[in-house]
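Here are my notes on this chain. Please read them alongside the sequence and the structure.

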Amino acid sequence: MKRLPMSTTHRERTCRRCGVIFLVLTEEDAQSDYCPACRHLLPPPGNIRGQVRWFDRRKGFGFAMTTDGRDVYLSRHQLTPADARQVHRRALLSFRAEKGRHGWQARDVHLLQLIPPE
Ligand SMILES: [Zn+2]
């Protein structure tokens, strides 16, 4: 990670999402309006967020609901093997939604956060 000049390393910023004050320690901090924690939960550019409605680990597929209410097919082949072993109902994901022959499908899926069981 590139080091910033001394004058900017002690700068403080306020997160636009949660309002927490964070220190600008990296180039990424300097360019983002969000604190590192919120940044972790926000989808990368071009991706959207969703929540798993159900996922059958044995069969390797399930469905997620996007934040704008679309039902998206979720295949384990679009997850890393480690994420595919952990993904469960209510987990938060980021992905690209692509319209396929059988409706919306999630591509390049990233597991953002596992939610404790209900
Ligand atoms: Zn924040």
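1. Helices (H or I, at least four residues) and strands (E, at least two) are taken here as DSSP runs, numbered from the N terminus. On that basis the protein chain has four helices and seven strands. Their order from the N terminus is α-β-β-α-α-β-β-β-α-β-β.

2. Some ground rules. The model is predicted, so local features need pLDDT of at least 70 and side-chain atom pairs count only at pLDDT 80 or more, while totals for chains, interfaces and linings use all residues. Residues are numbered from 1 along each chain as its sequence is written.

3. Strand pairing requires at least two DSSP bridges between two strands. β3 and β4 (residues 61-66) are antiparallel, with six bridges. Glutamine 51 has methionine 65 of β4 as its bridge partner. Four residues lie between the strands of this hairpin, and glycine 60 has a positive phi near 80°.

4. β4 also pairs with β5. The two run antiparallel and share five bridges. Leucine 74 in β5 sits opposite glycine 62. This hairpin again has a glycine to check: glycine 69, with a positive phi near 90° and four residues between the strands.

5. β6 and β7 are antiparallel too, joined by eight bridges. Glutamine 113 in β7 is opposite leucine 92.

6. Burial is counted on C-beta atoms placed from the backbone: 20 or more others within 10 Å is buried, 12 or fewer is exposed, and anything in between is partly exposed. Of the 118 residues in the protein chain, 12% are buried.

7. A nonpolar core is a set of buried Ala, Val, Leu, Ile, Met, Phe, Trp, Tyr and Cys residues joined through C-beta atoms within 7 Å. The largest one has 11 residues, including Phe55, Val72, Leu93 and Val109. β3 (48-56), β5 (71-75), β6 (92-100) and β7 (103-113) each give two or more residues to this core. In soluble globular proteins, nonpolar side chains tend to be buried together.

8. Contacts are pairs with C-beta atoms, placed from the backbone, within 7 Å. Which residues does valine 87 touch, leaving out those up to four places away in sequence? They are Val52, Phe55, Leu79 and Leu111. Among contacts with a separation of 6 or more, 41% link residues 24 or more positions apart.

9. Leucine 23 belongs to strand β2 (residues 21-23). Leucine 23 counts as partly exposed because it has 13 C-beta neighbours inside 10 Å. Its C-alpha atom is 4.5 Å from that of glutamate 12, which is 11 residues away along the chain.

Technical notes: Two residues are in contact if their C-beta atoms, placed from the backbone, lie within 7 Å.
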